[in-house]
Amino acid sequence: MKAVRQAGGIVFRGSGRDLSILLVTSKKEPGFWIFPKGHVEPGETDAEAGVRETQEEAGVTGELLGPVGAPLEYEWGGEWYSVQYFLIRATSESPATDGRTIAWLSFEETLTRLSFDDFGRLLREARAQMEGTKARMTPEVEIYDTTLRDGTQGHGINLSVADKLRIAERLDAFGVQYVEGGWPGSNPRDIEFFREAKHRTFSSARLAAFGSTRRKDTSARFDEQVRLLIEADTPVVTIFGKTSLLHVREVLQTTPEENLEMIADTVRYLKQHGKFVVYDAEHCFDGFKEDRAHALATLHAAEKAGADIVTLCDTNGGSLPSEIAEITRLARAALRARIGIHTHDDIGLGVANALAALEAGATHVQGTVNGWGERTGNCNLISVIPILQFKLKKTSVPAESLSTLTELSQFVDELANLRPNPRLPWVGAAAFSHKGGTHVNAVSKVLSSYEHIDPALVGNTRHVLVSDLAGRSNIVLKARELGFDLSNDTPELRAMLATIKELEHKGYEFEAADGSLALLIRRALAHTPPPFTVDAYHVSMRAEGGSSVCEATVKVRVGEEHAHTVADGDGPVNALDAALRAALVRFYPQLQTVRLTDYKVRILDSTSGTAATTRVLIESSDGTSEWGTIGVNENIIEASLQALVDSLECALAKSGSGSSPR
């Protein structure tokens with residue numbers, strides 16, 4: 001190639017359509033390659049072909065980050081050439097930039113115009129995108145989220161179109177590379193989702209439509225399901241095909257040769273329509289165990305037809321990490337396409353198997369938020385992402401997103417009306433909780449003694465639990481967490497610990513009742529009378545017509561004043577709550593904003609029958625904060641009253657009116 005023009009640090013090399021251009025601004029600044037569409041090998045996109053050819057010419061390597069700007073056109077030798085520029089990040093040194101990181105740009109045929117004078121402007125824009133847009137950063141491992149499709153196949157999971165759009169936008173903001181929106185050929189809701197998604201802007205994620213290879217004994221161009229995939233109008237289409245001969249012969253009831261043609265025909269047809277194609281090799285690992293030759297043939301069929309990514313799927317979720325790693329290495333050695341991994345959690349190894357594949361050469365991982373999915377679930381991306389970042393030191397999503405991981409996990413659960421699993425690794429409420437006295441004592445001195453990372457790195461918090469296993473350190477740290485100035489030298493500490501252990505022995509459990517625990521500490525430290533006292537109460541139920549009515553009477557004392565109120569309710573606890581609140585609001589108007597948000601009852605010794613001890617847990621809120629309180633008694637009404645009294649007293653303490661009525 002010969003140099004044909006040099007101006008302002010821009011060197012143009014080439015002739016005709018084989019033009020390639022090198023910009024060198026200075027040894028301290030990044031450089032940019034611009035190169036054309038050339039010969040395209042099977043399985044390559046036009047941009048990837050350009051990357052390969054430029055690598056061969058320049059002796060440097062890099063990865064495609066994505067398109068830059070709108071399509072443009074330039075004039076060369078009296079002819080116009082349409083181009084689309086792509087940003088490429090270098091992964092090896094280039095003499096042109098004195099060994100510093102460079103970026104490349106490549107182009108394909110497009111429809112608009114660009115003259116030589118516009119090159120400088122275009123390159124400046126590209127550089128700004130490279131430095132300022134997290135969506136352009138190529139990760140070492142791509143994250144493909146299938147929560148909206150595979151995740152919704154899980155037991156008890158149901159999302160509306162609006163829910164799916166909100167989750168898709170949240171995943172995009174978090175920085176995942178692909179969001180699979182659903183299967184447009186399977187149900188009207190997914191068709192509506194893709195119709196609505198066309199009007200949304202995604203900055204990081206590429207939206208994918210999911211489907212299958214064409215039917216047997218037909219052509220992809222005449223397959224209705226394939227047509228709907230194209231009409232979904234997504235940049236990415238993911239299709240699955242059969243790898244297992246068992247499924248080919250018994251489920252599809254066709255020949256191995258027709259199965260290979262179904263795969264190749266569908267991928268080829270989608271590529272002809274400009275789609276980025278992810279091929280999911282269903283039952284891949286089982287297929288390799290049955291017939292390695294046919295399994296490899298299916299992967300080659302997808303690659304040769306143009307699949308951009310070939311994903312190995314442990315569809316039944318029964319493989320072991322050693323098997324996953326071995327087969328992934330075989331696929332990696334046999335294919336030029338990028339390798340992905342898709343695992344299920346049927347034997348509890350969904351995450352472990354995904355990691356085994358990634359360490360064996362896969363660079364694309366599929367999964368769901370919180371491990372949602374069919375049967376026992378899919379690979380949990382909420383675990384995979386921080387493992388990649390903090391344990392394997394590999395990039396996947398922008399580093400700044402990791403601090404919102406817990407928030408993302410809870411957001412998705414809440415949209416599906418699911419209570420977040422407290423035992424989820426990394427993000428669960430129990431993930432950084434400490435209960436044993438020895439553990440808490442160690443953590444109070446060296447946090448890393450019982451914590452593998454700082455919980456704040458994933459947006460979680462440390463919790464110290466107080467129970468009959470607690471030591472002094474538990475009480476001190478928990479008290480500080482609740483806002484009390486307590487130390488190991490506090491005189492009341494020993495009595496507090498003894499009281500807590502005695503109450504826990506009776507059935508109290510303060511892990512979910514921070515409000516009651518805070519009151520216990522406050523009473524021990526303040527030595528002041530409570531803000532109110534319940535002198536008497538009465539609860540009754542009567543039938544009126546075809547319905548029943550509960551009535552509660554409460555007598556309370558606030559200082560030297562008394563109040564006596566009656567209230568009806570839907571049940572005895574509801575009536576008691578209404579009567580107690582009515583008695584107290586004349587003294588404490590701020591209690592009008594307090595609402596009971598959850599009520600749980602647990603029988604502690606069921607062998608005692610109706611005389612069993614009952615534990616009542618109440619969650620309350622004033623609109624800005626929440627707290628839990630507890631009551632324990634053989635009488636469920638008495639246990640409920642204890643929890644209600646603590647709830648209202650806790651509200652007064654939070655408002656600063658612990659013992660000062662209006």
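The model is a predicted one, and the protein in it has 19 helices and 23 strands. Of its 662 residues, 52% count as buried, and among the contacts with a separation of 6 or more, 65% are accounted for by residues 24 or more positions apart.

**The second largest pocket**

- The second largest pocket holds about 1700 Å³ of space, and of the 46 residues that line it, Ala429, Glu511, Ala512, Ala513 and Glu619 are the closest to its centre.
- At least two lining residues are supplied by each of helix H13 (405-415), helix H17 (514-526), strand E21 (595-603), strand E22 (614-621), strand E23 (626-633) and helix H19 (636-655), while the largest share, five residues, comes from H17.
- Sorted by class, the lining of this pocket comprises 18 nonpolar, 13 polar and 15 charged residues.

**The packing of H18 with H19**

- Two packed helices are described by the angle between their axes and by the distance between those axes.
- For helix H18 (residues 572-584) and H19, the angle is about 35° and the axes lie 10 Å apart, and the crossing in which H18 passes H19 is right-handed.
- On the H18 side the contact is made by Pro572, Val573, Leu576, Asp577, Leu580, Arg581 and Leu584, and on the H19 side by Ile637, Ser640, Leu641, Leu644, Val645 and Leu648.
- Taken by class, the residues of this contact divide into 10 nonpolar, one polar and two charged.

**Thr629 in strand E23**

- Thr629 has its place in strand E23, and it counts as buried because its relative accessibility is 0%, where the cut-off for a buried residue is under 20%.
- Although Thr629 and Asp514 are 115 residues apart along the chain, their C-alpha atoms are separated by 6.7 Å.
- When neighbours within four places in sequence are left aside, Thr629 is in contact with Ala513, Gly515 and Ser516, with Val616, Leu617 and Ile618, and with Ala643, Asp646 and Ser647.
- One of these contact partners, Ala513, is also among the residues closest to the centre of the second largest pocket.

Conventions:
Residues numbered from 1 in each chain as written. Predicted model: local features only at pLDDT ≥ 70, side-chain atom pairs only at ≥ 80, totals over all residues. Heavy atoms only, no water. 1 Å grid on protein atoms, 1.4 Å probe; cavity = no way out; pocket = protein on both sides within 12 Å on 5 of 7 lines; lining within 4 Å. Points joined across faces, edges and corners; volume = space filled by probe spheres on them. Helix = DSSP H or I, 4+ residues; strand = E, 2+ residues; numbered from the N terminus. Nonpolar A, V, L, I, M, F, W, Y, C, P; charged D, E, K, R; others polar. Axes fitted to C-alpha atoms, helices over the stretch in contact; angles between N-to-C directions. Left-handed = near helix turned anticlockwise from the far one by under 90°. Contact = heavy atoms within 4.5 Å. Buried < 20%, exposed > 50% of the residue type's maximum accessible area, 1.4 Å probe, protein only.
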